[in-house]
Amino acid sequence: MNKIIIGILLSGILFCMPIDAQTSSKEPLNRIHVSNPQELRDLFIYSNDTKPIISAHRGGAGVGYPENSIATFENTLRYTYSMLEIDLRYTKDGHIVLHHDRTLDRTTTGSGLVKDFSLSDLKKLHLLDKA
């Protein structure tokens, strides 16, 4: 089990929380560990000693790695430190899921609004690969 820091920006305030996540990767992932808000602020202060950070829109999707999937996040983090830009949506039954668009059409085998599907219905769909 690995700890991943998830940041959520609400009303201009960044809330970060550790969550447990199992990775499918056997390779180590690039991670930045911060334990408090000050360490997070310090991370973004430039110095000659800082590591470059890439912002991976939709997780850094590429051939074989569909956007906004755990496999894509792991692939990006395998190669570089990165901030992963994600979007959260509510399902019809009140669960929170990761999905960039309001609709399923562009990125999945489904069609319609995310909010009109239950979590169990969404789990039956597949992500599309832009390959």
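Asp101 is buried (under 20% relative accessible area; over 50% is exposed, and partly exposed sits in between, with a 1.4 Å probe and protein chains only), at 14% relative accessibility. Its side chain meets that of Arg106 in a salt bridge, with N to O at 2.7 Å. A salt bridge here is a side-chain nitrogen of Lys or Arg within 4 Å of a carboxyl oxygen of Asp or Glu. Keep in mind that this is a predicted model, where local features need pLDDT of at least 70 and side-chain atom pairs count only at pLDDT 80 or more, while totals for chains, interfaces and linings use all residues. Numbering runs from 1 along each chain as its sequence is written, and side-chain values use heavy atoms, with hydrogens and water left out.

**Salt bridges**

- The structure has 3 salt bridges, and as a rule side chains of opposite charge can pair when their charged atoms come close.
- Glu67 also pairs with Arg106, with the closest N and O atoms 2.9 Å apart.
- Glu67 sits in the loop between strand S3 (54-57) and helix H2 (70-79) and Arg106 in the loop between strand S6 (96-98) and helix H3 (119-122), so this bridge ties together parts that are 39 residues apart in sequence.
- Glu67 is buried at 11% relative accessible area, whereas Arg106 counts as partly exposed at 29%.
- Asp121 and Lys124 make another bridge through their side chains, at 3.9 Å from N to O.
- Shared partners link Glu67, Asp101 and Arg106 into one salt-bridge network.
- Asp121 is partly exposed, with 29% relative accessibility, and Lys124 is exposed at 62%.

**Around Ser118**

- Ser118 is in the loop between S6 and H3 and is buried, with a relative accessible area of 12%.
- Its side chain makes a polar contact with the side chain of Asp121 at 3.1 Å.
- For a polar contact, take a pair of N or O atoms within 3.5 Å; within protein, one must be able to donate a hydrogen and the other to accept it, and residues adjacent in sequence count only if both atoms are side-chain atoms.
- Leaving out residues up to four places away in sequence, Ser118 touches Thr91, Lys92 and Asp93, where contact means heavy atoms within 4.5 Å.

**Nonpolar core and surface patch**

- The largest nonpolar core has 5 residues: Val97, Leu104, Val114, Phe117 and Leu122.
- Such a core is a set of buried Ala, Val, Leu, Ile, Met, Phe, Trp, Tyr and Cys residues joined through side-chain atoms within 4.5 Å.
- Beyond its neighbours within four places in sequence, Leu122 contacts Thr91, Val97, Leu104, Val114 and Phe117.
- Out on the surface, Leu88, Tyr90 and Ile96 form a nonpolar patch with about 340 Å² of accessible area together.
- Patches take residues with over 30% relative accessible area and no salt bridge, joining nonpolar side chains (Val, Leu, Ile, Met, Phe, Trp, Tyr) within 5 Å and like charges within 9 Å.
- Ile96 belongs to strand S6 and is exposed at 53% relative accessible area.

**The chain overall**

- The chain contains 3 helices and 6 strands, in the order β-β-α-β-α-β-β-β-α along the sequence.
- Helices (H or I, at least four residues) and strands (E, at least two) are DSSP runs, numbered from the N terminus.
- Of its 131 residues, 25% count as buried.
- Among contacts with a separation of 6 or more, 42% come from residues 24 or more positions apart.
- The chain exposes about 9,100 Å², with 57% of that supplied by carbon and sulfur atoms.
- Accessible areas use the Shrake-Rupley method with a 1.4 Å probe, and for residues only the protein chains shown count as cover.
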